[in-house]
Structures are given as C-alpha cells and as structure tokens.
Amino acid sequence: MKCTRTMNSTMLQNSAQDKILDAFVRNLVLVLVGITINSINGVFVFTFFKSSIFYNDPRYILYIHLVINDMLMVGLSVILSVMAYAWQNVPLPFCVILLIIADATHKNTPLTLAGMAVERYIAICKPLHHHQICTVRRTYILITLIWGVGVIPGLTDLIVILIVRPLSIFTTGLVCSSTKVYNTPYHEELSKVMSGLYSSVVWVILVFTYCQVLIAARRVSADKTSAKKAQSTILLHGAQLLLCMLSYIASIIDKISAQFLLADRTKVPFINYLLTNLLPRLLTPLIYGVRDKLFYSHMKGHFGCKLLIVRVESTKQ
C-alpha cells in the first residue's frame, strides 16, 4: 500500500510539474510572438510619426490607426493570457475594464478596414470631392466614432452583468477571462448577435466599394491604374477581414481539430489562438505598409541610413 501511495504521489507531482512547464512554455511563446509583432508594427508607427508628409493624408492616418489598434490588441491579449495563469484572483472591476478595451480593439479592426475601403472608393469614384470629404478633421472624427461603436459590445456585456448579477460580485476576484466573466446565456446570445451585425455591415461596405471601384475602372475617363490599385487594396481589406473573422469561429475550429488530434487536444486551442488572433495582426503592416511605395521609401530611408551609419562606424573601428 505504501509503495502504491508513493507511486501515485510521484505521478501526481510529475503531472503537476508537466502542467506548470507547459503553461510556462505557452506563456513564453505568447510573449515572444507578441513582442515580435509589436516590434514590427512599431517600425511602421515610428516611420509615420517621423515623416510629417503622412500627417495630412487621411489614408495614412487610418492606416496607422489600424496598426496602433492592432498593437493594443496584441498587447492586451498577451497580458490577459499571462494573467490567466499568473494572477488567479483579479479584481472584477479591473478585469472588466481590460476586457472592454480588448474587445473594442478587436471590433475596431474590421471597422477601420471598412473606413479605409470607403476612403479609396471616394478617391477613385469621386476624385473631385475627395479633398472636401476626406479631410484630416473628419478622419479623426471617424476614428472617434470607430472607438465609440467598437466599445458598445463591451459596455453591453457590462450592463448585462449589472442586471443579472448582484452588485456584490464587483468586490470579488476571479480569473480574468471573458468566458469566466461573461458566462451567462444572455452573453452568449449577445456575442453572436454583435459579431454577426458587425461582420455583415463591414462586408456590405467592402462589397459595395469594390463593385463601385470595379465599375469606375471600366470607364474610359477613369484613371485605370489608380482604380486597379484601389481594387487590389479593397481585396486585401477583404482578405484581412477574413483572417480577423477566424477568431469568431475559433471555438468551432477547436472542436473540429480536437477530433482529429486526440493526442494533442490540449494544444489545439493554443495553436488556434495564435493563428486566429495574433498572427493576422502581423499581416496588416506587411500588406499595406510594405506595399505602399511612398511609405516603404520613407521607412527604408529612416532605417536604411541607421544601418549604413552602423556599418561605416564598425568599418572605421
């Protein structure tokens, strides 16, 4: 009996150590991926603020808002994931604030993509009115509206908690996760409605703007080169939106993948989280920033010169 108990105790200790090691590795990977993505995005943010030529162009203002928003989303996402392991008793008010901001950044991405598509539509289909409609002031008003609309689902979730739960719950602590905090049937239905509504509106805008730009491209009087570039840009918006929408069906992907990968079932949600939430945020600067010749030339000028200086100094030494 003593031998059996000793063996069971050893197995439990080894199992606990494996779980701790697995959690540490996952969090380390998340932090490293988050730092990598935000470092790359930071290069584009630095280029924007060091080049005043972009300050008065609504297109670049919306683009850099998308990049900064993605940086916030990645940072908060990694913080919440690490907190779920490292801090098991987070005060609910603090947790709700983090979840509302994280959810807003998640909703802001498709809304900003829609705004960028509309700006391209106006530039191609209404070129004479573009400078009158797409002003810097109106661009910042649009960004404010995007944040206002993006924060609505999070505030709605909070209102549901205030109605359904007793107020004493705000004095307690818990694991800071949306599944732990927003765990009522009302939240589940509300999440489906909000996700469907946001996705539908954005897709309608993208399809409408693409069709209008496509019609403009076939006109003899239109600038066909600009029109084709706008078509490609809107298609890229659609591709980016598809990647962002993968996070909406992450739970379905988890269930399907778990059936085929029985041995690694516990790793499926983690890999799925990386592929559907974090990695798409890396594509934003690579798709738009590197593809844009003006932006890329300024970025190359800033960082290319620094690399050249470093090489010259190392040669002299």
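Helix α6, which covers residues 152–164, has 13 residues and reaches 18 Å from its first C-alpha to its last, close to the 18 Å expected at 1.5 Å a residue (the expected span being 1.5 Å times one less than the number of residues; helices are DSSP runs of H or I with at least four residues, numbered from the N terminus). This is a predicted model, in which local features need pLDDT of at least 70 and side-chain atom pairs count only at pLDDT 80 or more, while totals for chains, interfaces and linings use all residues. Residues are numbered from 1 along each chain as its sequence is written, and side-chain values use heavy atoms, with hydrogens and water left out.

Histidine 65 lies in helix α2, residues 58–86, and counts as buried because its relative accessibility is 10%. Beyond its neighbours within four places in sequence, histidine 65 is in contact (heavy atoms within 4.5 Å) with Thr112, Ile143, Ile146 and Trp147.

Two nonpolar cores, meaning sets of buried Ala, Val, Leu, Ile, Met, Phe, Trp, Tyr and Cys residues joined through side-chain atoms within 4.5 Å, are listed below.

| Core | Size | Members include |
|---|---|---|
| Largest nonpolar core | 37 residues | Phe48, Tyr63, Ile64, Val202, Leu206, Tyr288, Phe295 |
| Second, separate core | 16 residues | Leu80, Val90, Ile100, Tyr182 |

The residues named for the largest core touch the most other members, and α3 gives the most to this core, with 9 residues.

Technical notes: Helices (H or I, at least four residues) and strands (E, at least two) are DSSP runs, numbered from the N terminus. Buried means under 20% relative accessible area, exposed over 50%, partly exposed in between (1.4 Å probe, protein chains only).
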